[in-house]
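The following exercises concern one structure, shown below. Please work through each task before reading its solution.

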Amino acid sequence: MAYSAKIGPSILSSDLSCLGSECVRMMECGADYLHLDVMDGHFVPNITFGHPMVECLRKSLGQEPFFDMHMMVSRPEQWVKPMAAAGANQYTFHLEATTNPGNLIKEIKESGMKVGLAIKPGTTVEELAPWANQIDMALVMTVEPGFGGQKFLDDMMPKVSWLRSQFPSLDIEVDGGVGPDTIHKCAEAGANMIVSGSAVIASDDPRSVIALLRTVVAEAIQKRSLDR
Ligand SMILES: O=C(CO)[C@@H](O)[C@H](O)COP(=O)(O)O
Ligand SMILES: [Fe+2]
């Protein structure tokens, strides 16, 4: 069992005029990585930022924070090289946004980044499965992508359970509506990379929330390894 519990705050819910200091705050509060939501106003009905912002964050934060780029964009092929040059570590694209996932996976790897593959709530996990042995991480969206602060979709959990049963060592990420009230379901289903936006950012005590999320996931991983 190669995977471990990792918590990645989504900084979408933070005060975007203070993005650099919010990223620093999250890392100081124990974040394992930063989940950066890129939206193009086309694949999703919202706009955030692109590679110029990522380049600035990398310069200001240094080499340490791992940047997981959640690319909610049409034609994800066009941003692979710019994101790699800007300092992204993982490029997570949506299966729904491309007609040639195999080629995109290859391009991401060639540019030196890890590969994440995301599916929206309406996409079945069987559609992701053929690519699972070529990727570093599968992202099961637990809300419709586009906005922070939405309600967690419980009925995405069978996708996570199925993926965990089929791919025991794969990093599986959940994103959307995840916090102290919903983490147990994610952990029991087998997710190990946890994106949490509003529950962490808006908390008076983000350090405790991050620690709690990690403990719940680590305990579920431990239990699964004992049950095997
Ligand atoms: O990708 C997205 C939304 O599209 C997420 O990363 C959200 O930003 C997570 O925020 P919360 O749902 O945890 O508030
Ligand atoms: Fe996201």
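**Exercise 1.** What is the mean pLDDT of the chain?

*Solution.* The model is predicted, so that local features need pLDDT of at least 70 and side-chain atom pairs count only at pLDDT 80 or more, while totals for chains, interfaces and linings use all residues. Residues are numbered from 1 along each chain as its sequence is written, chains are lettered from A and ligands numbered from 1 in the order in which they are written, and side-chain values use heavy atoms, with hydrogens and water left out. The chain has a mean pLDDT (the predictor's confidence in each residue, from 0 to 100) of 97. A value of 70 or more is reached by 100% of its residues.

**Exercise 2.** Identify the residues that coordinate the iron ion (ligand 2).

*Solution.* Step one: the donors (N, O and S atoms within 2.8 Å of the metal, or 3.2 Å for Na, K and Ca; water is not among the atoms, so sites may look incomplete) come from His35 (NE2), Asp37 (OD), His70 (ND1) and Asp175 (OD), at 2.1 to 2.2 Å. Step two: along the sequence, these donor residues follow the spacing H-x1-D-x32-H-x104-D.

**Exercise 3.** State the order of the strands in the open sheet.

*Solution.* Step two: β1 (6-9) and β2 (34-39) are the edge strands, each pairing on one side only. Step three: β4 (residues 90-94) and β5 (residues 114-119) are joined by five bridges, and His94 has Ala118 in β5 as its bridge partner.

Methods:
Two strands pair if DSSP finds at least two bridges between them. Helices (H or I, at least four residues) and strands (E, at least two) are DSSP runs, numbered from the N terminus.
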